[in-house]
Amino acid sequence: MSLTTAELETPVPVVDLDRLARNLDRAAAYATAHQLALRPHIKTHKSPRIGSEQLRRGAIGLTCATPFEAEVMSEVCDDILVAYPPVGGLRAARLAALPETVRLTVALDSLAAVETLAIAAREADRAIGVYVELDLGMHRVGVPVIDDAIALAQAVCARSPLTFEGIAFYPGHVREPVGQQSVKLEELDAALGAALQAFERAGLRPSAVSGGSTPTLWNTHEVTGVTEFRPGTYVYNDRTTAAIGACEWDDCALTVLATVVSTAVPGQAVIDAGTKALGREPMRGTDSADGFGCVLGQPDVVVKSMSEEHGILDLSTTSWRPVVGERVRVIPNHVCIVVHLNDVIAGVRGDAVETSWPVSARGRGYTLPV
Ligand SMILES: Cc1ncc(COP(=O)(O)O)c(C=O)c1O
């Protein structure tokens, strides 16, 4: 059956399949060129289908945040990192209950998490690898003091069947335009170098040093000691990623297809994509633009404000005057949130809708016991 985008109900997220393939290949080629292990974070796509593609193109495994993401990805992946503190017995037990065929590693930063995970691992009778998470500047999670991180790694070593596998950090504080990241990357390099030396002195050899993000993707090799990287957003990219130069505008693979529903108020056009389609996500790391998304091919035309089901396109920067009923494609500020708001994604080439896939790992994957 052949279908065109004109026949899709809007708003709907559509992925340009050629751009997606290009994005996957480019990161895989970068990993090969710099001898880095690519372990993409699946929080952006939440789909086993894309996860399989990442693995087929050379990813060594996948990164997840939630137990449900790990459960869903275990259908296609036998090497999963959960880069989120495994705090709480229920969360730890759920991770330990992943299929035995999965090599499971978990990043954590507290003794409480170590103890809970060790209990869950023992009860499930399975080995679980641990990365000790360091705070190297983001100040979100991660142990800030190296000696404390070493003590935590030693606590892991003392709690079989947990095994100390390495160090993790997330450079989420580096959001400058790609050409202006050198100061923060040098700081990161120095901080990581000091940590690695201290671990070495303590007789702890991390077999993996896991970092990486999409804003720093192409500079990952500049941080000495990193062995694996975990970009997520790069599969689809978004307005923020393009604005900081971590991708070209032509690399934005996911857009929200929307319909102009009103042009009654001069100077603007209203589309049927509001906060429930685009999310109310700010632009981060750039002061180049505000608004909540921009029109594909016309990055100056932005969604200047939104209600739940209305997005207001600001036409003051353009002579383009869309008419009621016209379709537009919006590049969202932050693509991960858009994916999370949807059950299904359409895959397109030009105007031809070739395929679709579910956002299978969306939500928490549990039912309440009452
Ligand atoms: C721990 C961790 N690793 C990797 C990523 C992927 O980063 P990005 O979305 O910039 O590619 C994230 C993103 O939130 C993260 O929290």
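Helix α2, spanning residues 48-56, has Pro48, Ile50, Gly51, Glu53 and Gln54 as its buried residues. In this predicted model, those buried positions pack against α1 (17-33), β4 (62-64) and α3 (67-73). Just after α2 comes Gly58, whose phi is positive, at about 115°.

The protein contains 10 helices and 18 strands. Its radius of gyration is 22 Å, close to the 21 Å given by the globule rule for 370 residues, so the protein is as compact as a globular protein of that length. The C-alpha trace spans about 70 × 50 × 35 Å along the principal axes. Of the 370 residues, 46% count as buried. Among contacts between residues at least 6 apart in sequence, 68% join residues at least 24 apart.

Leaving aside residues up to four places away in sequence, Leu117 touches Pro86, Ala92, Val106, Leu108, Ile128 and Leu162.

Finally, there is the ligand to consider. Surrounding the ligand are His41, Thr63, Ala83, Tyr170, Ser213, Thr214, Pro215, Arg230, Pro231, Gly232, Thr233 and Tyr234. This shell divides into 5 nonpolar, 6 polar and 1 charged residues.

Note on methods: Residues numbered from 1 in each chain as written. Predicted model: local features only at pLDDT ≥ 70, side-chain atom pairs only at ≥ 80, totals over all residues. Contact = placed C-beta atoms within 7 Å. Near = placed C-beta within 6 Å. Nonpolar A, V, L, I, M, F, W, Y, C, P; charged D, E, K, R; others polar. Buried ≥ 20, exposed ≤ 12 C-beta atoms within 10 Å, placed from the backbone. Helix = DSSP H or I, 4+ residues; strand = E, 2+ residues; numbered from the N terminus. Rg over C-alpha atoms; globule rule 2.2 N^0.38 Å.
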